[in-house]
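Please look over the model below before reading my points. They are meant for someone who has not seen it before.

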Amino acid sequence: MPNKEILICGAGIAGPALAYWLRKGGFTVTIVERAPTPRPGGQTVDLRGAGRAVIERMGLMDQVRAESVDQRGLALVDTAGRTTARLPADSFGGEGIVSEIEILRGDLARLLYEATLPDTEYLFDDTITEIDQDADGVTVTFEKAAPRRFALVVGADGPHSVVRALAFGPERDFVHPIDLYTAWFTALDDLDLDGWFLMHNAPGGLVVSARPGRLPGEIKAGFSFRTPPLAYDRRDIAAQQELVARRFAHVGWETPRLLRAMRTAPDFLFDSMGQVRLDSWSRGRVALLGDAGYCATPLTGLGTSLALVGAYVLAGELAAAEGDHGVAFYRYDTAMRPYVSQAQQLPPGGAAGYAPSGRLGIRLRDLSMRSMTRWPMRNLLAAQFAKAGDIALPEYSLAADIRDRPQPQVSERVDRVERIPDGLDAPHQMSVRAED
């Protein structure tokens with residue numbers, strides 16, 4: 001592949017992780033990100049299994065541990081705040097519902113971003129509007145930047161991926177909802193959590209949660225509820241907050257104070273949960289990575305591991321294929337498909353187990369939590385948690401010294417990006433344009 005320039009869309013976790021390994025493999029990397037800067041904050045993510053092994057291979061484990069959030073585990077509470085069940089973080093060897101290493105999404109993304117500097121070009125505050133690929137490469141049109149030419153495009157831009165929409169088709173064809181909606185936000189409050197991730201279930205499939213942040217007085221809160229697909233404006237935050245407030249207006253525990261905090265939260269996010277499933281993660285010269293290609297939903301706790309492992313494998317296969325991206329994409333799919341299939345199996349009960357509809361279901365959920373560390377529940381849960389490490393990481397030659405290579409500039413605004421269809425075998429041309 002004479003042209004070794006690769007465009008990645010998305011500067012979250014998957015995108016910078018891929019950029020890190022691609023640079024090790026000798027590629028020139030550009031990342032385009034719609035946000036004006038790396039996104040800070042966010043909720044905690046689990047670092048477990050093979051994902052933890054990838055972080056160790058990157059030499060970032062000490063930094064990750066230094067930035068991790070101290071949580072004692074998960075505790076279920078009733079309306080009065082009394083604990084009805086709990087699962088300590090050290091259960092299942094630190095691979096339980098709350099893992100041994102929990103880190104804010106923004107902190108992990110920042111560490112990965114910093115690890116790619118200064119060898120990766122970033123285009124912030126921009127996105128892709130058109131992808132035009134042929135036998136020799138991909139021409140990408142951006143919303144703000146001038147068009148540019150790349151060898152390959154990778155979409156690492158989440159479950160609502162622009163790259164996937166441009167190169168593969170509409171979201172409705174690939175995102176399978178599980179009828180669960182969640183709002184996440186940061187609250188500055190003196191609510192005493194005692195180091196626990198507290199969760200309160202209420203009839204109607206309602207879940208209220210609060211867990212410690214990394215900073216004193218910082219709480220990471222969430223409201224989840226089960227419902228068939230809703231029609232709402234993804235850009236109207238005030239309307240989303242009103243929707244949540246109505247759903248939880250009569251719920252007890254600390255719900256009223258968390259609803260008040262929600263109104264002024266700087267990072268409110270509301271979204272549906274769904275799994276992304278595709279028969280192939282590449283189309284011509286465009287490939288998908290992480291949630292864009294195989295979102296498992298937060299219920300599995302494996303999204304971060306899938307992103308990190310997928311980035312490592314995709315970069316390794318591209319480097320090993322020596323120019324044949326079709327072979328690389330095929331091997332990437334072959335290596336990752338069993339791991340992804342396992343990870344996308346929801347925990348027992350799925351959304352209904354997480355958010356029971358009635359009081360009996362809530363009591364049974366409490367009972368199952370109290371039984372998790374005892375036979376036979378322990379064996380069932382151990383198998384679920386073991387999925388995080390259910391892949392033998394390949395060994396790739398990705399140790400090349402990149403210090404002497406040309407260093408692209410880091411732009412303060414994004415000037416292109418997204419992703420391009422991947423070419424498998426026969427050369428073909430595709431031109432797709434974003435819809436308003």
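1. **Basis.** This is a predicted model; local features need pLDDT of at least 70, side-chain atom pairs count only at pLDDT 80 or more, and totals for chains, interfaces and linings use all residues. Residues are numbered from 1 along each chain as its sequence is written, and side-chain values use heavy atoms, with hydrogens and water left out.

2. **Confidence.** The protein chain has a mean pLDDT of 87 (pLDDT is the predictor's confidence in each residue, from 0 to 100). Of its residues, 88% reach 70 or more. Residues 400–436 have pLDDT below 50. Beyond near neighbours in sequence, this stretch has 167 contacts in the model (contact means heavy atoms within 4.5 Å). Where pLDDT is low, predicted coordinates should not be read in detail.

3. **The sheet.** Six strands make an open sheet, in the order E7-E2-E1-E11-E18-E17. Helices (H or I, at least four residues) and strands (E, at least two) are DSSP runs, numbered from the N terminus. The pairing is mixed; two strands pair if DSSP finds at least two bridges between them. At the edges are E7 (120–124) and E17 (282–283), each pairing on one side only. E17 pairs with E18 (residues 286–288) in the antiparallel sense, over two bridges. Ser282 has Ala287 of E18 as its bridge partner.

4. **H1 on the sheet.** Helix H1 lies across E1 (5–9), E2 (28–33), E7 and E11 (152–155). H1 runs at about 170 degrees to E2. Axes are lines fitted to C-alpha atoms, for helices over the stretch in contact, and angles run from 0 to 180 degrees between N-to-C directions.

5. **H1 with H4.** The axes of H1 (residues 14–24) and H4 (residues 105–116) come within 9 Å and cross at roughly 25 degrees. The two helices, H1 and H4, are therefore roughly parallel (angles under 35 degrees count as roughly parallel, over 145 as roughly antiparallel, 65 to 115 as roughly perpendicular and the rest as oblique). Their crossing is left-handed: the near helix is turned anticlockwise from the far one by less than a right angle, whereas clockwise would be right-handed. H1 contributes Pro16, Ala17, Ala19 and Tyr20 to the contact; H4 contributes Leu112, Tyr113, Ala115 and Thr116. Seven of these residues are nonpolar, one is polar and none is charged. Ala, Val, Leu, Ile, Met, Phe, Trp, Tyr, Cys and Pro count as nonpolar, Asp, Glu, Lys and Arg as charged, and the others, Gly among them, as polar.

6. **H1 with H9.** H1 and H9 (residues 303–320) have axes that come within 8 Å and cross at roughly 30 degrees. This crossing of H1 and H9 is right-handed. Residues in the contact include Trp21 and Leu22 of H1 and Tyr312 and Leu318 of H9. The contact has 12 nonpolar residues, no polar and no charged.

7. **H6 with H7.** Helices H6 (residues 237–247) and H7 (residues 255–263) pack at about 175 degrees, with axes 10 Å apart. H6 and H7 are therefore roughly antiparallel. Among the contact residues are Gln241 and Glu242 of H6 and Arg263 of H7. The division is four nonpolar, one polar and two charged.

8. **Backbone details.** Most residues other than glycine have a negative phi, and most peptide bonds are trans. The bond from Leu117 to Pro118 is cis, with omega near 0 degrees. Pro118 sits in the loop between H4 and E7. Asp194 has a positive phi, near 55 degrees. Asp194 is in the loop between E12 (175–188) and E13 (196–202).
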